[in-house]
Amino acid sequence: MDLQVVASSLPEKEIQSLFHRLLGDARKNIEAYPELDPNGLHNARKNIKRIRSLLRLLRLPDIKQDRRELNTRLSNAGKMLFGYRDIEVVMTFFTDLKESTKKRSPGIQKALEKVVAATSTSQFLTPSESSFHQTRLQFKDALDEIESRFNRVSLQHFEWADLDTAFEKRLKRMRKCAKPYGKEPDEEALHQLRKRIKDIFYQQQFLQGRLGISSDSISQTKAIESSLGSARDCDLAMAYITQLDEATLSLNEEPILRRCIKRQREQSIGQL
């Protein structure tokens, strides 16, 4: 998907066009999930995050309240899909970990088999059309309200220089936050850093042509975000183990699996 804004056009028209395109894609994504497109839910959430990244570049004082309200509504829309997406992430994590540790301890394999089996029965993992129908309707209604609210926002005084300045400020803020971390960095701090870097990644895509941002630079940002994302998946997996029925893992299997996840997390952070 080409997300670049066209600098030869009016900024107001380009921003509106990109906003509506991303919102429309989110609608299509959720409409196709789960039967027609198993990745539809993930892509819908991704497009919501892209729109929020776009809004963070709109820093004019006279639309501050509009931006905050839209951001809150978009955040709430994304939260409707949390349960479904998180279980997808956890299932993928444990399935991949099981594959990558096949030659290691049989104890790890046995524990992972139990977790994968328990996770596969979750109602959130493969929702039926009937069970997901209400969530889809609520999500689409929320998008309709967001679009209606955005259409009332005036961007006529917005200049390209405003967009450039906002991006540079966010880039400096991200670099300031990206200070060195220890072997076991704070989970929340790492998560917040990842969200800032993801924002920069999307914003680089928006402004690539306008600011002459190289594809290599965008790829480097994505690589850092992916490493942080892998560490975040480890944190979600660790929290998920705590929520499992006590009968799923034996007293010996749980600590073995936790140590395995911890090593995986350290490897992800070590790539930074």
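**Close-up views of a predicted model**

**View 1. Gly212 and the end of helix α8.** Gly212, which comes just after α8, has a positive phi of about 65°. This is a predicted model in which local features need pLDDT of at least 70 and side-chain atom pairs count only at pLDDT 80 or more, while totals for chains, interfaces and linings use all residues. Residues are numbered from 1 along each chain as its sequence is written, and side-chain values use heavy atoms, with hydrogens and water left out. Helices are DSSP runs (H or I, at least four residues), numbered from the N terminus. Helix α8 covers residues 187-211, and its 25 residues should span 36 Å at 1.5 Å a residue, the expected span being 1.5 Å times one less than the number of residues. The end C-alpha atoms of α8 are 33 Å apart, which agrees. A kink of about 45° in α8 is centred on Gln205; the bend is the angle between axes fitted to the seven residues ending at a residue and the seven starting there.

**View 2. Thr126 in the loop between α5 and α6.** Thr126 lies in the loop that joins α5 (106-119) to α6. Thr126 counts as exposed because its relative accessibility is 62% (buried is under 20% relative accessible area, exposed over 50%, partly exposed in between; 1.4 Å probe, protein chains only). Glu35 is 91 residues away from Thr126 along the chain, yet their C-alpha atoms are separated by 9.4 Å.

Conventions:
Helices (H or I, at least four residues) and strands (E, at least two) are DSSP runs, numbered from the N terminus.
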